[in-house]
Amino acid sequence: MERDGERPFGPLTDLVLGGRSVVEQHGFVNPPIVRGSTVLSPTVADLEGRTGRYAYGRRGTPTSDALADALKTLEGGAHVALTPSGLNAVATALLAVLGAGDHLLMVDTVYQPTRHLCDLTLKRLGIETTYYEPSVGAQIADLIRPETKAVFVESPGSLTFEIQDIPAIAGAAHARGVAVVMDNTWATPLFFKAHDQGVDLSVTAGTKYLGGHADLLLGTISANEAYAPALIAAHGALGLCVGPDDMFLALRGLRTLGVRLAHQQDAGLRVARWLESRSEVARVLHPALENDPGHALWRRDFTGASSLFAIELKPGPKGAVAAFLDGLRLFGLGYSWGGFESLAIPYDARPIRTASRWAPAGPTVRIHVGLEEVGDLIADLDAGLARYAAAL
Ligand SMILES: *Cc1c(COP(=O)(O)O)cnc(C)c1O
């Protein structure tokens, strides 16, 4: 809906306008859900000359265009591709830049299924992965080999929330012609402008905050100008497409992403600060807290924080953690996050680190703050921590 030549809009306005064309939608506010495989051409000349805007459902529909166009504005890149899940977006971005004999530098704190992809499938394809410490910064240069084709970053790290110096990593990578691929699911393109910070291919699990309602699996990949052709080629060759209903749900989530994230950032920080004050909690892992080790970098590079963070409890047995979590009324026990509902899971990141040491003070719990009343959430955690203390 943006009119050419006028001043650019702010991100909240872009979220409302993106991918909509009132004229093409016959006046309806939302774009139609187009179901389709075959696209008909009026004549043989049109069919062979591909004169139509669409040629085949897998290669794009008005519904996929509406979502991809809106996301392109938000990401500020050259092309956005949609995939059936966030993990598939990671795989597709990596396959766009890697082939047999190539070397990949992967952050040690990456989302565990991405690690599995590297150790299983990429390895089988002849792609070697070296894991590096999240604090590496410009020293990533020392790990780059002639056959290194990509550096993968995820900031903050999955489960342990370390912030990476992405501009320093990107500077060193680009000096050697190496692509920078990022998993930007935590911050979303609203709170971290990946391309502006040197990222070539930026992935999100739209499953999380974009969908926002725990009812959808979807991935997004945004490429800058230099990497758009490689992304378009890999995505097309792999035959990836997303069902129209899921794309519509993502578009619907997109309209409220800004207000949800603003609220969840604030609510998450209020819960995190309250947890910091509790004697049962040894440390809160949240980069927007002033004494978090990643705070200075987060402040420099990010424009906001989402509502996913973790706590290290004072040492205690497994049974005490179960007493804490089993009795929670508002925090569900479940994977994924970014929806309207609060969640908590116990985890142990120690066995899934191979290049860095992770030594928490005690049991660790990941928390996602949803859209409930903050006072109710704090009361629920208060009762939970009392159960933890009683079970020590
Ligand atoms: C959830 C998640 C993914 C995977 O998304 P799915 O849609 O569940 O496949 C990838 N990266 C991060 C950081 C995630 O949290």
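Start with histidine 26. Select it in the loop between helix H1 (11-17) and helix H2 (44-49). This is a predicted model, so read each stop on this tour as a feature of a prediction. Look at the backbone of histidine 26: phi is positive, about 55°, although the residue is not a glycine. Most residues other than glycine have a negative phi.

**Next: a cis peptide bond**

Move to proline 156. Its place is the loop between strand E4 (148-154) and helix H6 (166-175). Show the backbone of serine 155 together with proline 156. A cis peptide bond joins serine 155 and proline 156, with omega at about -5°. Most peptide bonds are trans.

**The ligand**

Which residues are around the ligand? They are Ser85, Gly86, Leu87, Tyr111, Glu154, Asp183, Thr185, Ala205, Thr207, Lys208, Leu217 and Trp337. Colour this shell by class and you get 5 nonpolar, 4 polar and 3 charged residues.

Begin with aspartate 183: a polar atom of its side chain lies 2.6 Å from a nitrogen atom of the ligand. Then go to threonine 207. An N or O atom in the side chain of threonine 207 is 2.5 Å from an oxygen atom of the ligand. Lysine 208 comes next. An N or O atom in its side chain is 2.6 Å from an oxygen atom of the ligand.

How much of the ligand's accessible area does the protein cover? On its own the ligand has 380 Å² of accessible area, and the protein covers 90% of that.

The ligand sits in the second largest pocket. About 550 Å³ of space lies in this second largest pocket. Its lining has 30 residues, and those closest to the centre are Tyr111, Ser158, Lys208, Trp337 and Arg366. Colour the lining of the second largest pocket by class: 16 residues are nonpolar, 10 polar and 4 charged.

**The largest pocket**

Hide that selection and move to the largest pocket. It holds about 680 Å³ of space. To find its centre, select Arg58, Arg59, Gly60, Ser64 and His235, the closest to it of the 30 lining residues. Then show the elements around them. Helix H3 (62-75), strand E1 (79-83), helix H8 (228-237) and helix H9 (244-276) each supply at least two residues of the lining. Which element gives the largest share of the lining of the largest pocket? H3 does, with 5 residues. By class, the lining of the largest pocket has 13 nonpolar, 9 polar and 8 charged residues.

**The cavities**

How many cavities of 30 Å³ or more does the structure hold? There are 2. Rolling a probe the size of a water molecule over the atoms shows where empty space is left.

Take the largest cavity. About 110 Å³ of space lies in it. Select Thr188, Pro189, Thr204, Leu210 and Leu257, which lie nearest its centre among 15 lining residues. H3, helix H7 (188-191), E6 and H9 each give at least two residues to the lining of this cavity. H3 supplies the largest share, 3 residues. The lining of the largest cavity divides into 8 nonpolar, 5 polar and 2 charged residues.

Finish at the second largest cavity, with about 40 Å³ of space. Select its whole lining: Leu308, Gly334, Ser336, Trp337, Leu343, Ala344, Ile345, Arg366, Ile367 and His368. E10 and strand E11 (364-368) are the elements that give two or more residues here. By class, the lining of the second largest cavity has 6 nonpolar, 3 polar and 1 charged.

How values were computed
Residues are numbered from 1 along each chain as its sequence is written. This is a predicted model: local features need pLDDT of at least 70, side-chain atom pairs count only at pLDDT 80 or more; totals for chains, interfaces and linings use all residues. Side-chain values use heavy atoms; hydrogens and water are left out. A residue is near a molecule or strand if one of its heavy atoms lies within 4 Å of it. A polar contact is a pair of N or O atoms within 3.5 Å; within protein, one must be able to donate a hydrogen and the other to accept it, and residues adjacent in sequence count only if both atoms are side-chain atoms. Accessible areas come from the Shrake-Rupley method with a 1.4 Å probe; for residues, only the protein chains shown count as cover. On a 1 Å grid over the protein atoms alone, a cavity is a set of points where a 1.4 Å probe fits but cannot get out, and a pocket is an open set with protein on both sides within 12 Å along at least five of seven lines; lining residues have an atom within 4 Å of a point. A molecule sits in a cavity or pocket if more than half of its atoms lie within 2 Å of its grid points. Ala, Val, Leu, Ile, Met, Phe, Trp, Tyr, Cys and Pro count as nonpolar, Asp, Glu, Lys and Arg as charged, and the others, Gly among them, as polar. Grid points are joined across faces, edges and corners, and a volume is the space filled by probe spheres set on the points. Helices (H or I, at least four residues) and strands (E, at least two) are DSSP runs, numbered from the N terminus.
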